[in-house]
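Keep the sequence and the 3D view open as you go.

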Amino acid sequence: MSLVTRLQQLALVAAIGSMSIPAFADEPVRGGTLRMIAQPEPPTLMLGLNQQGPTQFVAGKIYEGLLRYDQELQPMPGLARDWSVSDDGLEYTFHLQEGVLWHDGEPFTSADVVFTMEEFLSEVHPRARGVLAHVEEIEAPDEHTVIFRLKAPFAAFIQSFEVSSAPMIPAHLYQGTDFRDNPANETPIGTGPFKLERWEQGSYIRLTRNEDYWKEGKPYLDGILFNIVPDAASRAVAFETGRVDVLRGGDIEYFDVARLEQMPDVEVTTEGWEFLSPTIWMQFNLRNEPLDDPRFRQAIWHAVNRDFIVDSIWSGYGKVAKGPVNSASPFFDDSLPDVEYDPERAIELLDEMGLEPNRRGVRATIRFLALPYTETYIRMGEYIRQQLQQVGIELDVTQTDVGGWAQTLGQWDYDMTINLLFQYGDPALGIQRAYVSSNLVKGSPSANVSGLDDPAIDELLTRAATESDPEERFRLYSEFQHEIVDNAYFGYLIEAHFPTVYRNNVRNLVNSAIGLNDNMAEVWIER
Amino acid sequence: MSARLETATAAPATGAGEAASQALLSVHGLSIALPPGSDRPFAVEQSTYTIERGSITCIVGESGSGKSMTANAIMGLLPQPYVRVAEGTIHFDGKNLVGLPEQQLRSIRGAEISMIFQEPMSALNPLMTVGQQVAEVLRKRERLPEREERARIARLLESMDLPDPERIQDSYPFRLSGGQRQRVMIAMALALSPRLLIADEPTTALDVTTQKQILSLIREQQRERGMGVMFITHDFGVVAEIADKVVVMEKGRIVEQGAVAEILNHPRHPYTRKLISAVPTLNDHASTTPESDVLLEVRSADKVFRSGGGWFRKAREVHALNQVSLTLRRGEILGLVGESGSGKSTLARSIIGLNPIDSGEIHFLGEQLLGGGRRGHKQRKRLARHIQIVFQDPYASLNPRRKVGAAITLGPLQHGVPVAEANARAKEMLSFVGLDASAFDRYPHEFSGGQRQRIGIARALAMRPEVLIADEAVSALDVSVQKQVLGLLEEIRQRMGVAILFVTHDLRVAATICHRLLVMRHGQIVEEGETSTLFAAPREDYTRALLDAVPGIDWQKPELEENL
Amino acid sequence: MDRLNFIAGRLVKGALIVLAIAIMNFFIVRLAPGDPVSVLAGQSGAMDQDYMDELRQRFGLDQPLIVQLWIYLQNLFQGDLGTSYRQGRAVLSVILERLPATLLLTISAAIISVILGVVAGSLAARRRGTWWDTLISSLALLFYATPLFWIGLMAILLFSLVLGWFPAFGMVSPEKEYTGIMHILDVLHHLVLPMTVLGLFYMAVYARLTRASMLEVSEMDFVRTARAKGLPEGYITRRHILRNALLPVITFAGIQAGHLIGGTVLVETVFGWPGVGRLAFDSLLQRDYSVLLGIFLITSIMVVIANIITDVVYTFVDPRIEVKQ
Amino acid sequence: MKDLIKAFSHNKAALGGLLFLVVIAIAAVAAPLIYPHSPWQMVGAPFQPPLSGPHLFGTDMLGRDIAAGILYGARVSFLIGIVSTAVALSIGITVGALAGYLGGLVDDALMRVTEFFQTIPSLIFAIVIVAIMSPSILSIVIAIAIVSWPPVARLVRAEFMSLRHREFVEASRVLGVPGWRIMAFDILPNAMAPVIVTASLMVATAILMESGLSFLGLGDPNLISWGYQIGAARTMIRTAWWMSFFPGVAIIITVLCLNLVGEGLNDALNPRIVRRRKA
């Protein structure tokens, strides 16, 4: 090797090194297509009609809400330029961005907001319906101002304008139509930075840059490609072989993350889930023996090694959950007791209850409804069954599909299941529904299916929802958390920290509390 | 042994047509080995014979005598590697065919030596037209322009007396009758004017009238072309009809050979004598007279079979029985004769209740049989005691998974006879039909065809019936066995006073045993009469044609003492 | 004329079967626990009883079953297979979008499996007892015993991950934005593995069938006749044996059509092939009845059509069929 | 019977297959002795490759022993294969016997039903049935039986139709034996040879189908099975090939052996080949 070439090489290395100096590279550049995976394939991209995870992920680039939220869950401007809340907490005034156009060229005005909230979402959006029940009236004094008047103070109201909670829908296309049968559903029209270009069912969805986006110079990307890959192993392969740039949590198995992280130029983040803050918990059917006995529930809690679940099943992408409120929430109370993994204690409790082991060592048999979402949840169920068996609790597993699971749960036809609870920014929005006795309705898996009927808890939650003083709210929610954990009404397993795996030339990927579900106007690819 | 055969070979052939000359085919010391585990080591053992130009040599023997094997050996068509020539030579035209390369054998096959087979139904490829299959042979020698080729095929088919050769040429085999197919086979075999034709039981599957036509066609073609013909058959009538020279085989060995007149009229070997004496003649009529009271009467029976049919197609109808009437008296053997499809079996099965008639009446001892329906079923069950049947195929008529004793006692037990009595009766019947009592605990496959037929008869007799229907009961049996079973039936009639309705296509057999005959054709009874009168002076053309067609009718069987 | 009658008869029969399948599928799927509304409720976070009732009414789920069936059949006759609960779009268009992918996969798999299977089977039969026969028979036996999904996984492991010859999933490379001939080549490149995996099993089936059938036919009388005519062995195999031996293969191919389409559920799932098979499984998990019903109906129609085609092919191959019928 | 055993034992491949099956069956029965712990139990570190420790085929993502799973899975496979075949046979034989013996309208009706069940794509049909009844060993058996009886019915029907007119059957009719006795004692025993052959192949198919269902997540969640193991390992094919490889091999070997035995039976029972041996 000649000296010259060696010198050249050194120079090259130096050049590469200098190129990766952050200051140099952090200047956003336009262009490039970001390749990701939508999994499972969204049923529709009309975000107003469907808010499943994949729909939020894809359609979150097409539609926008009035507000966005930073990673501390504080509101940021979205389609609303600024906003104010009256002192009595009853009147919310939003000032809209100007010069915003729908993808079909029509202007976005306050009439669209009023239509969206008053007519559209209050008819079809299950979560928004609950929030809008607090609203007395909506008023649009001019084209760019909207005023909401509440019936009573509702502190969580300001948390309800994220894109999936309240996506803005074009009134000119939907007003006076049958929303669900509107042909426009096939070609979603939003205000977002990307437009739908092509959706090849079962293969891919391609979004293209919205040239008329209201935010100057944005988005940076020319387009976004969502591959549809139904198989987790194939998704990992797709990333490894460079066919996609980003993997979301749940796209691949967690133990694969560590392997992919070893690849050059690959980074992993667990940010971007602050708004949803998923908690995975064991739901008991408190109506049924022996689950109506707190000792039995505590025994279950003690029998499960949650550290093992975090470390082995989730490969460390999570942490042990202490109680109903996610530790990412400002209302989380860190003083909750830690429930230890202590099978002996579990056996003591069962003995205390008088549940003696039979010949096979079984003290009690309960029906376990396995959660069929992904392999990880199924595996978690298998693990818990194995753990409980060791203290003499036998699980009779019903493995069904998502439909059957939802149905069985909604009909209260179970003893125990694993479930996933999203916080939606505020306990009043995400948590309350599963705990209050007013929501003891049969038929919906997301209602209070466990049969929890505790007036003290009802009282605490209702007061906390309408209280506007943050400190008082914290106190009320703290009391609620203690009450739940003390009685072991539910078994909290882990808080999931879904990892996002991406190539490090993708910049500014996560910049809000909804992470990858956000509109990605600020994302750019370094070249 | 072989010395005696040497002399036999030297006997001159009395060919019609051309004068006898040197051998066309000469088989010497041929042995064909069977695979290990077979019932005997050699299918054919040390056989030596010749076939001359311009004459027909019949190889005759009962089933399993190895006569087809030697034909296949000549053609080089033995199912190798299971069966092979162990020793000996086959000289054709001075060339030893044994061990000849396949290539050369192939050029001889179909061109120099041709072969036709027993089953015309399966011997033609169902997916190719007749013309295509004939053309295959022609193309072995030369490729003609299509039009010329068609013309040649048409001429060939025409010379086989096939009607409308143009149409037949484009037909698929399933459109043709059995006789027509056999003519096509012969046409294919003769297309290249071979010098030797091997015919392996070519008429066995055919009706007598068709058989006669095919026999005369073969004879005619043989004379015209001066071929040598090797004709394999089990039927001495056919031998008498067609042969110039006869070779008799028994269990793979040649026991006797010589000119046809010599063998047929002066058989020397005991086996040959046994075979010939067993051949029924048209003159052995049952002599005893039956009683007069009528057991069974059929009046104007009609039966139509419908097949196929659907939404877009009319069903095809076959009038299987058309205004058929008959009476059967106690102790009588009534023969029902006719060619296949004449309705004789349908009639028998109607009487026994296996397929009810559409209209008309059947009376048994004055009681009308109801046929179908719930009541008919009950009646059928009751009358089963009185009317029984013996079937044609001794291999199919016994349940292979039921012991002989169980088969015989089944009926009586079904009709309430106590077990002990049924067993006793079964053993009695076994000894009556000439079987050892030990047969009771054995399975049917341990018995020969003739023995099985006896078991079938025992089964029927165990019911103590008054009417026995014998549906082609001896047709599947070798001639020597046939004779024994016929004797048994006559004995039954005499000792038990049973009336027998004897269904057969074989006029010789019918002549041996029946008092009276009914001749059926196309579902109708065309003629009825005492056996002797009917044979002596048939009134109907059809009866006459049938009688004419009986092979070897002119042959006067020698009187041989029955010392076997 | 006979053949037209024959085809007409088959069509009527096929239509009746399709109708019966429509009715039965309707009932079977309706008996399933978990109606689509509860699924929607489960996935949307929160939903109250009124809203769920409203949805049920909207989908006609509050009507008596027999009324739902009647409405379903009426719509069916108008070519309306209903609306997907999940996607809010016409079922027919949901399925039709996926159908070409499945047809491409199944037809190509069927063709290669029949061709290669028959070739291998006749080779084995002709070279009976040689190492060719042993090799082909053993491979056929092996593939006949191998689960589709497993061999699919192993194929991905070997050919996609280790060797990198073929893509592991999907039907196209959307990031390449190919058009024209490149697009077709891209699809073919993706097709190779799933087609081969789906075809292997059936190839084994046809090879075994062809071999057995040829050995059987070769013992028939007319083959002996052909030999007696002194025709060359190769000619006899082609003209006499093979053609007759193909009759059961054709029959079997018709019967296999249904299995082949069923097999796509596994293969499409393993290879992420965007076809109807995967849609069926997804729809079942989502309780998307109308889509599932539609898939049932359409796949059954495909099977019926495949059966009619084989029957018609049969009439061309076998002159006896019209008469026998 | 003696002939059958003799003929069968001449076929080395079939005999080998049978021996292997017996070994697998014994291992399956003895599974609790070999692996006293439940196959679901975590017994070691996750993702241990085969032969690296005490675990013959390695461990899975939770540290469960793959080999233990395969042995316990064999029990499920055999159980489902045999029971569902038995159910399918009883449906198929009943339908086929009635259709073939009675003929006419009954035959027409039953054959339409059979054709109908044959037209439906069987795996999709099975998936639906299992999903509707929710996956359990019972629903899987029912599903497999429902989709696999039609060929049996057709086969039995064909046998019955040809045997119905056999002379020994007619002889029984003429003797006044009632129809059901004729079907049960005259026809059925003689129709069983091809049914037995089919049955052995059906067990193989049923095992394949069970594995397919389990692979798709429709197995009985309380029982470990080969298909489940492969399905669960699917996402780990890159990191732990052994997790899906060995259960797959187990399926192949079992199904292969069953097919060999089926072929051996077929050869032994097929009159054509028997005839050739005797000729």
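Contact here means heavy atoms within 4.5 Å. Helices (H or I, at least four residues) and strands (E, at least two) are DSSP runs, numbered from the N terminus. This is a predicted model, where local features need pLDDT of at least 70 and side-chain atom pairs count only at pLDDT 80 or more, while totals for chains, interfaces and linings use all residues. Residues are numbered from 1 along each chain as its sequence is written, chains are lettered from A and ligands numbered from 1 in the order in which they are written, and side-chain values use heavy atoms, leaving out hydrogens and water.

**Exercise 1.** Find what the buried residues of H8(A) pack against.

*Solution.* Start with helix H8 (residues 254-261) of chain A: its buried residues are Tyr254(A), Phe255(A), Asp256(A), Val257(A) and Leu260(A). Buried means under 20% relative accessible area, exposed over 50%, partly exposed in between (1.4 Å probe, protein chains only). Next, look at their partners in chain A, which include helix H7 (232-240), helix H10 (306-313) and strand E19 (500-503).

**Exercise 2.** Decide whether Val27(B) is buried or exposed.

*Solution.* First locate Val27(B) in strand E1 (residues 23-33) of chain B. Its relative accessible area is 1%, so Val27(B) is buried. Then check its neighbours: leaving aside residues up to four places away in sequence, Val27(B) touches Ser47(B), Thr48(B), Tyr49(B), Ile74(B), Thr89(B) and Ile90(B).
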